[in-house]
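Hi,

Here is the structure I promised to hand over.

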Amino acid sequence: TLSTLGKVLAYLSPGDAADIVVARPEKDGASGKEISLKLTLMDEELREEPFELTALQVFGGCFDIMTQTLPANKQVNGLHDVFEKHAEFFRKVMLKHGEQHGAVMTLRKFWLLAARCHLVTPKMSLAELDRLVVAARMQQLYPHERTRKVASPHDAKVVLSLHDMLFGLARLASVKYSKVPAVPAKLERLIQKHLLPFADSLASDVF
């Protein structure tokens, strides 16, 4: 399934390949002949860029919010470009509001960040925000050891990595701007309208 494929990709490092067995369904719905595939990353399909985040990781974290308007590889590269474009901003936000020298951020700090950026609204409650940012990500990573430490996606002590936050924002943008055709454009709009205007207050100590 796409969910299983996403989990496989989330753990791959650049240059790795994944052996996948696909069962072709018969007309009656039963599993038919199995087909063995080797999935590897091709340079001309997905780019690798120096932003602590590979295009393969972007695909693993956002594959289920891709739209049908563009080929998946173009959307992945587009998302990666948006993340890289604003990399310094996100780094400074993590440094100011995160812990362990900006390596992680508690969910409580993310709530404050979202409220300050006017991302929490009558239509987007904290509970829904938790579902998009925490629950969806933990479902992707299960059964990774990290997921065992999350008793509830609404626990203020849940720790988010930079990648968790970035993929969560992409997921939030996908819901908030559902009428915008492509995911990269959705994310860019969210950043421009809700994050960058509050840059001084979000990371005033390091800007």
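This is a predicted model: local features need pLDDT of at least 70, side-chain atom pairs count only at pLDDT 80 or more; totals for chains, interfaces and linings use all residues.

Leu141 counts as buried because its relative accessibility is 6% (buried is under 20% relative accessible area, exposed over 50%, partly exposed in between, with a 1.4 Å probe and protein chains only). You'll find Leu141 in helix H6; helices here are DSSP runs of H or I with at least four residues, strands are runs of E with at least two, and both are numbered from the N terminus.

Residues are numbered from 1 along each chain as its sequence is written, and side-chain values use heavy atoms, with hydrogens and water left out.

Ala136 is another H6 residue, and with a relative accessible area of 15% it is buried too. Setting aside neighbours within four places in sequence, Ala136 is in contact with Arg131 and Arg171 (contact means heavy atoms within 4.5 Å). Its C-alpha atom is 9.2 Å from that of Pro153, 17 residues away along the chain.

In H5 (residues 107-116), the buried residues are Leu107, Phe110, Trp111, Leu113 and Ala114. They line one face of the helix, because seen down the axis of H5 they fall within an arc of 165°, the arc being that of the directions from the helix axis to the C-beta atoms.

How do H5 and H6 pack, in angle and distance? The angle is about 120° and the axes are 12 Å apart, with H6 covering residues 126-141. For this, axes are lines fitted to C-alpha atoms, for helices over the stretch in contact, and angles run from 0 to 180 degrees between N-to-C directions. That makes H5 oblique to H6 (under 35 degrees is roughly parallel, over 145 roughly antiparallel, 65 to 115 roughly perpendicular, and the rest oblique). On the H5 side, Leu107, Phe110, Trp111 and Ala114 meet Leu126, Leu129, Asp130, Val133 and Val134 of H6. By class, that contact has eight nonpolar, no polar and one charged residues; Ala, Val, Leu, Ile, Met, Phe, Trp, Tyr, Cys and Pro count as nonpolar, Asp, Glu, Lys and Arg as charged, and the others, Gly among them, as polar.

His118 counts as partly exposed, at 48% relative accessibility.

H2 (residues 55-62) and H3 (residues 72-85) pack at about 105°, with their axes 9 Å apart, and that makes H2 roughly perpendicular to H3. Ala55, Val58, Phe59 and Cys62 in H2 meet Ala72, Val76, Asn77, Leu79, His80 and Phe83 in H3. That contact divides into eight nonpolar, two polar and no charged residues.

Finally, the overall picture. The protein has ten helices and four strands, running α-β-β-α-α-α-β-α-α-α-β-α-α-α from the N terminus on. Buried residues make up 43% of its 207 residues. Of the contacts between residues at least 6 apart in sequence, 61% join residues at least 24 apart.

Cheers
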